[in-house]
Amino acid sequence: MPRASAAEAAQTALRILASARELFSARGFSDVSVDDVARDAGVTRGAVYHHYRNKVALFGEVAAQLQSDVARAVVAAAEKANPHPHERLRVGSHAFLDAITNGAALRILLIDAPAVTGWQEWRRLDAENSATHLREALREAGVAEELLDASTAQLSGAMNEAALWTAQHTDTDLARQRSHEALDTLLAAYMS
């Protein structure tokens with residue numbers, strides 16, 4: 001039997017990743033098996049293992065992809081904002097809150113990822129993506145160099161908690177609105 005071309009193999013890997021993302025988002029890591037992913041992607045279990053070492057590695061790739069998606073959403077929003085550093089910080093922070101509370105990101109990144117990938121890996125992914133942009137935005141907004149790391153960690157943590165708080169409400173639109181209002185209050189401290 002002929003082997004799949006590199007392009008076909010890449011397409012298969014992407015299809016597996018898309019199925020895993022959808023299933024992990026809908027059901028959570030613990031309620032999804034490799035067989036579920038294979039069935040949803042229309043491939044064999046062996047194909048999943050060929051592209052991803054195991055279920056944890058597959059989940060890690062989904063989490064990395066989502067971290068990158070969230071960071072891109074933040075950067076895109078900040079780049080469209082008024083060029084003043086304070087406004088870019090505000091708009092980027094609000095974009096983060098929206099990106100992390102919509103779609104697959106919340107459950108995968110904030111609920112399952114710290115336990116599945118491990119705290120250190122979760123922190124590394126965040127540091128390489130959204131936290132990098134947040135730190136730079138805080139620097140541009142005038143936060144003192146010696147306070148940048150602490151400010152980044154605290155503001156990032158506050159936004160992650162706001163996302164979790166928002167998600168637990170039945171009226172998520174109202175909760176998101178309240179989270180945005182509270183975020184503006186918090187950001188005012190960095191802008192004064």
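Colleague: How do you know that the length of helix 5 agrees with what its 17 residues should span?
Modeller: At 1.5 Å a residue, helix 5 should span 24 Å, and its end C-alpha atoms are 24 Å apart, so the two agree. The expected span is 1.5 Å times one less than the number of residues. Helices here are DSSP runs of H or I with at least four residues, numbered from the N terminus.

Colleague: What should I know about the model itself?
Modeller: This is a predicted model, in which local features need pLDDT of at least 70 and side-chain atom pairs count only at pLDDT 80 or more, while totals for chains, interfaces and linings use all residues. Residues are numbered from 1 along each chain as its sequence is written, and side-chain values use heavy atoms, leaving out hydrogens and water.

Colleague: Which residues of helix 5 are called buried?
Modeller: Among them are L89, V91, F96 and L97. Buried means under 20% relative accessible area, exposed over 50%, and partly exposed in between, with a 1.4 Å probe and protein chains only. The cover over the buried residues of helix 5 includes helix 4, helix 6, helix 8, helix 9 and helix 10.

Colleague: What makes helix 5 and helix 6 roughly perpendicular or oblique?
Modeller: Their axes are 6 Å apart and the packing angle is about 95°. That makes helix 5 roughly perpendicular to helix 6. Axes are lines fitted to C-alpha atoms, for helices over the stretch in contact, and angles run from 0 to 180 degrees between N-to-C directions. Under 35 degrees counts as roughly parallel, over 145 as roughly antiparallel, 65 to 115 as roughly perpendicular, and the rest as oblique. A99, I100 and T101 of helix 5 meet A105, L106, L109 and L110 of helix 6; contact means heavy atoms within 4.5 Å.

Colleague: And what is helix 8 to helix 9?
Modeller: The axes of these two helices come within 9 Å and cross at roughly 120°. That makes helix 8 oblique to helix 9.

Colleague: How do you know that the buried residues of helix 10 line one face?
Modeller: They are A175, R176, S179, H180, L183, L187 and Y190. Seen down the axis of helix 10, these residues fall within an arc of 140°, so they line one face. The arc is that of the directions from the helix axis to the C-beta atoms. T185 and A189, on the other side of helix 10, are exposed. What covers the buried residues of helix 10 includes helix 5, helix 8 and helix 9.
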